[in-house]
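Have the model open alongside as you read.

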Amino acid sequence: MSRVVSVPSVLDQDGFEEIVEETNRATEAGDGRVIYDTRRVRWVSPYGLVGLLAAGKVARERTGLAPSIERPESKDVRSYVERMDFWPNAAEVFDLPERSGRSHRESDALLEITPIRSHRDVHQVVERVRDRASAILQKKLGHPKPSVIQFSVMLSEVCQNVLEHAQADGWVCAQTYYWKERLGRDVVVLAVMDVGVGFQGSLAKEHARRYGDRWSALKALEAAFLEGESRFHDPGRGQGLQAIRRQVDRWNGEIRIRSGDASIARVPEWDDIPGTEEGLPEFPGAQVLIVIPAREERDGEGGGRER
Amino acid sequence: MSADEARETPRAGGLQPEVSETSLYSYLVTRHTGRAVRMSIREQIVASDGPLVAVLDFRNVAVIDFSCADEVVAKLVDEIRSRDGLEETWFFFRGLEEHHLDPVESALVRRTLAVAGESAGGDPMLVGAVEGDDRAAWRTVQRLGRAGASDVAGEMERAVEEVRGLLDRLTRRRLVMADRRHYVSLRRTLSDTSGGQQPDGREEGGP
């Protein structure tokens, strides 16, 4: 028996939560093909796009059957989805009627959907975004030149997080937008997702005992995000996420990490998402959203340092 | 007292250490890459015979991330400093730019390590975990190039015994070299080894 997951018309963070809930419901019985119906999608974000891949992968793993997908009706959405190289990545998750090659259309994306399977992919991603990051961060968002390198470092660390801690494959993509209502400025939105063991699973062996009954997905996120804890007995580990948090802070940006049934965020004054959440629909792995706003005149560049 | 401090103070007197230079890759990203680079440099160092200054050149490094810095910089320094038989190996970082510093310094600080070096512009730098007094003493040795404890104490306007303690600690941490009664900056040693050239290629002294 097939079960349909109806993908909402706006496929962003909230839309992802809806498909997580529906995917959980559709895969409860553990059998039967899942169909993702994206026909009524009118707007999709990078987070929503990779979220759809992640949900499809989870459905595939739970049912043992490649889910189907109904393509969006909106011409704009179809065009965007194609430019973001969704279909070549979807071919490894969904049961697609025809083979989809990479889009040859000119893309305005900072980074199209790219799978993260090994350190080579991370190298490729970092080198691939170099020129585009320079054009977007410096010229469009008005950040100083070093921000291009800082963005590359952040991208590398967030992708490595997938390799080092998820013990599973993941995806990354990034796009620029003009956030008229929320911010009145251009932003870069970066989404990285995997459906691996998640923060709670990754840290459990080393840290769960310390928390006893209070051990949860949120405690694991707090340990990693706020305290720099890692699953390794090594003082050099765990600094990647700390570095990302510091950098997002310098840019007055936003970072939200969702894992298991919880999320944790660095919330700037221009947004009002919760700092932490629990009781979200359970979902494996980790889903990271980073928003870097255009620089305002009052934003400092950070001084040099004395040696 | 740390394991590092428990060892004999290395002495550079007449040592004329060998200099091994490694030009690092353009994209130093991922722990995997860092591990490979670290192992390659470690092999070179272990294969050397006698006192050695290992120079890591960052001038071509376009991007270094935190994970890679932990492997290439901090773990390498930590391994070499705690390995028996390599007590006379010093590290020197060359060509450091602002964008290298955050990852390199974070990695060193997390392992309570520090390394002497110089910026891309040729200015001396001390990167990593160093207390304020130690840093001040190190700067004085950089300025003097080669000096006794009393010279450094005079410059710092501090008691000689107190300053000698700071200098001995810097020596044990291999941030300066000891040459009998003198303390020598690594830049000075590199300059002497390369026949009077400063590490960045400039002549020492001058107007």
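What follows is a tour of some strands, helices and single residues in chains A and B. Keep in mind that this is a predicted model.

**A covered strand in chain A**

Let's begin with strand 8 of chain A, residues 185–194. Ten of its ten residues are buried, so this strand is largely enclosed by the rest of the structure. Which residues of strand 8 of chain A are buried on one side, and which on the other? A:Arg185, A:Val187, A:Val189, A:Ala191 and A:Met193 make up one side, while A:Asp186, A:Val188, A:Leu190, A:Val192 and A:Asp194 make up the other.

**A buried alanine**

Next, look at A:Ala262, which belongs to strand 10 of chain A, residues 262–266. Is A:Ala262 buried or exposed? A:Ala262 has a relative accessible area of 0%, so it counts as buried. Setting aside residues up to four places away in sequence, A:Ala262 touches A:Ala217, A:Leu218, A:Leu221, A:Ile257, A:Glu277, A:Glu278 and A:Leu280.

| Helix | Residues | Number of residues | First to last C-alpha | Expected span |
|---|---|---|---|---|
| Helix 2 of chain A | 46–63 | 18 residues | 26 Å | 26 Å |
| Helix 4 of chain B | 98–110 | 13 residues | 19 Å | 18 Å |

In helix 2 of chain A, 14 of the 18 residues are buried, so this helix is largely enclosed by the rest of the structure. Just after helix 2 of chain A comes A:Gly64, with a positive phi of about 75 degrees.

Helix 4 of chain B is mostly covered as well, with ten of its 13 residues buried. Which residues of helix 4 of chain B are buried? They are B:His99, B:His100, B:Leu101, B:Asp102, B:Pro103, B:Val104, B:Glu105, B:Ser106, B:Ala107 and B:Leu108. After helix 4 of chain B you'll find B:Thr112, whose phi is positive, near 45 degrees.

**Chain B as a whole**

Zooming out, chain B has eight helices and ten strands. Of its 207 residues, 56% count as buried. Take the contacts in chain B between residues at least 6 apart in sequence: 68% of them join residues at least 24 apart. Chain B exposes about 8600 Å², and carbon and sulfur atoms supply 44% of that area.

**The open sheet of chain B**

In what order do the five strands of the open sheet in chain B come? The order is 1-3-5-6-7, and the pairing is mixed. Strand 1 (18–23) and strand 7 (124–128) of chain B are the edge strands, each pairing on one side only. From one strand to the next, the twist averages 30 degrees. Helix 3 of chain B packs on this sheet, where it touches strand 3 (52–57), strand 5 (89–96) and strand 6 of chain B. The direction of helix 3 makes about 165 degrees with that of strand 5 of chain B.

Strand 6 of chain B, residues 114–119, pairs with strand 7 of chain B in the antiparallel sense over five bridges. Within that pairing, B:Ala116 stands opposite B:Leu126 of strand 7.

**An aspartate with contacts in both chains**

The last stop is B:Asp70, which is found in helix 3 of chain B, residues 66–81. B:Asp70 has a relative accessible area of 0%, so this residue is buried. Which side chain does B:Asp70 join through a polar contact of 2.9 Å? The partner is the side chain of B:Arg31. Leaving aside neighbours within four places in sequence, B:Asp70 is in contact with A:Gly236 and A:Gln239 in chain A, and with B:Arg31, B:Lys75, B:Ala107 and B:Arg111 in chain B. Of these, B:Ala107 is one of the buried residues of helix 4 of chain B.

Methods. Residues are numbered from 1 along each chain as its sequence is written. Chains are lettered from A and ligands numbered from 1 in the order in which they are written. This is a predicted model: local features need pLDDT of at least 70, side-chain atom pairs count only at pLDDT 80 or more; totals for chains, interfaces and linings use all residues. Side-chain values use heavy atoms; hydrogens and water are left out. Buried means under 20% relative accessible area, exposed over 50%, partly exposed in between (1.4 Å probe, protein chains only). Helices (H or I, at least four residues) and strands (E, at least two) are DSSP runs, numbered from the N terminus. Contact means heavy atoms within 4.5 Å. A polar contact is a pair of N or O atoms within 3.5 Å; within protein, one must be able to donate a hydrogen and the other to accept it, and residues adjacent in sequence count only if both atoms are side-chain atoms. The expected span of a helix is 1.5 Å times one less than its number of residues. Accessible areas come from the Shrake-Rupley method with a 1.4 Å probe; for residues, only the protein chains shown count as cover. Two strands pair if DSSP finds at least two bridges between them. Axes are lines fitted to C-alpha atoms, for helices over the stretch in contact, and angles run from 0 to 180 degrees between N-to-C directions.
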